[in-house]
Amino acid sequence: MSTLLSRRAFLRGGVAAAGTVAASPVAKALPQDNTSEQLATLIDIQRCIGCESCVEACRDSNQTKFPNPAKPFPKMYPNRVPVEDWSEKQDVMDRLTPYNWLFIQSAYVDVNGEETELSIPRRCMHCTNPPCVKLCPWGAAQQLDNGISRIDADLCLGGSKCKNVCPWQIPQRQTGTGLYLDLLPSLAGNGVMYKCDRCHDRIAEGELPACIDACPEDVQTIGPRDEIIAEAHRIAADIDGYIYGEHENGGTNTIYVSPVPFEEINRAMEGGKGIPHLGAATNRMEAAENLALAMVIAPFAGLAAAAGKIVKHFKSGIDQGDANETK
Ligand code: SF4
Ligand code: SF4
Ligand code: SF4
């Protein structure tokens, strides 16, 4: 039996439960085992009307997690990590910031011969093998058993490794907050990195993520990854459409379905800092794991050459991501 849930399915479940036994909305909102099974979300682009109710809901729901920086900021020596201060620009909603973990991208594309504006909700993709988690030097980024990746604001030093290794450069830094102020305020890090944590606390309570709950068009559906993938293929076959997220960066727990190719959407939409692309995303962890393996098995004499070759391969992946970000 399918366990996929949108807001409407959740409401239907609640009404049905009210007429029978007082069943817990927890069981109605998400699969019962929502803490150990990989949960994915399906985003059906053609349903989104760009109303931004999800963006507002994300901001409201996560207010208590947003940074409250101390000023003036300590001066850094050496000044390797630039100051990034979004505290006076908390109302920015057209890109990712430490205070805006979800935004709506738009692109004008040809759909069945008609110029159409597509609205695309963007946030962390929640990769199945997330480089932001695996390569964080301080263990501040974690992946929960249900596939959610999150950054612990109490442990993060704001060095932005997570952002640099993310194919979409998702995490965003706020200076003047976090552990570095207590440790080495002028030498270590420069703040804390922030991004969508898939409302892990709401999910643990059996509630839908705030953005899914608020959407009037049922754009997003949440459920076990295999069911989400099957549903994405069903919709894509129905509309002769395209899928993004099944294989990108080795696979993600955010799956988009669109009536037009994603390369086309990517070309049509505005790029820039804090605005993730929808282009190709090679598997960053495969490159990183190859690098680690080469370091162990390469004969001593050939070590530098082998590592150099793989570093070049790894770097070209990162450059591709950077190029996509700033296109
Ligand atoms: S999209 Fe980026 S920030 Fe999100 S899980 Fe993947 S690597 Fe991490
Ligand atoms: S899942 Fe939660 S944190 Fe992530 S974008 Fe939606 S509302 Fe925001
Ligand atoms: S609330 Fe739903 S329809 Fe409105 S912008 Fe968000 S995803 Fe699109």
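**Ligand shells, sheet and backbone features of the predicted model**

The shell around ligand 3 comprises nine nonpolar, three polar and two charged residues, where Ala, Val, Leu, Ile, Met, Phe, Trp, Tyr, Cys and Pro count as nonpolar, Asp, Glu, Lys and Arg as charged, and the others, Gly among them, as polar. The structure is a predicted model, in which local features need pLDDT of at least 70 and side-chain atom pairs count only at pLDDT 80 or more, whereas totals for chains, interfaces and linings use all residues. Residues are numbered from 1 along each chain as its sequence is written, while chains are lettered from A and ligands numbered from 1 in the order in which they are written.

In total, 14 residues surround ligand 3, the closest being C48, C51, C54, C215 and V219; a residue is taken as near a molecule if its C-beta atom, placed from the backbone, lies within 6 Å of it. Helix 3 (53–61) and strand 3 (114–122) are the elements that give two or more residues to this shell, helices (H or I, at least four residues) and strands (E, at least two) being DSSP runs numbered from the N terminus.

Ligand 2 is likewise surrounded by 14 residues, of which C58, C196, C199, P209 and C211 are the closest. Helix 3 and helix 8 (210–214) each supply at least two residues of the shell around ligand 2, and the largest share, three residues, comes from helix 3. By class, the shell around ligand 2 holds nine nonpolar, two polar and three charged residues. Around ligand 1 there are 13 residues, with C124, C127, P130, C132 and C166 nearest, and this shell divides into 10 nonpolar, two polar and one charged.

Four strands form an open sheet of mixed pairing in the order 8-1-10-9, two strands being paired if DSSP finds at least two bridges between them. The edge strands, each pairing on one side only, are strand 8 (220–224) and strand 9 (242–244). Strand 9 pairs with strand 10 (residues 254–258) in the antiparallel sense over three bridges, and the bridge partner of Y242 in strand 10 is S258.

Among the backbone features, the peptide bond from K71 to P72 is cis, with omega near 0 degrees, and P72 lies in the loop between helix 3 and strand 2 (103–111). S160, in the loop between strand 5 (149–151) and helix 5 (161–165), has a positive phi near 70 degrees although this residue is not glycine. Phi of Q169, also a residue other than glycine, is positive and near 50 degrees, and Q169 is found in the loop between helix 5 and strand 6 (172–174).
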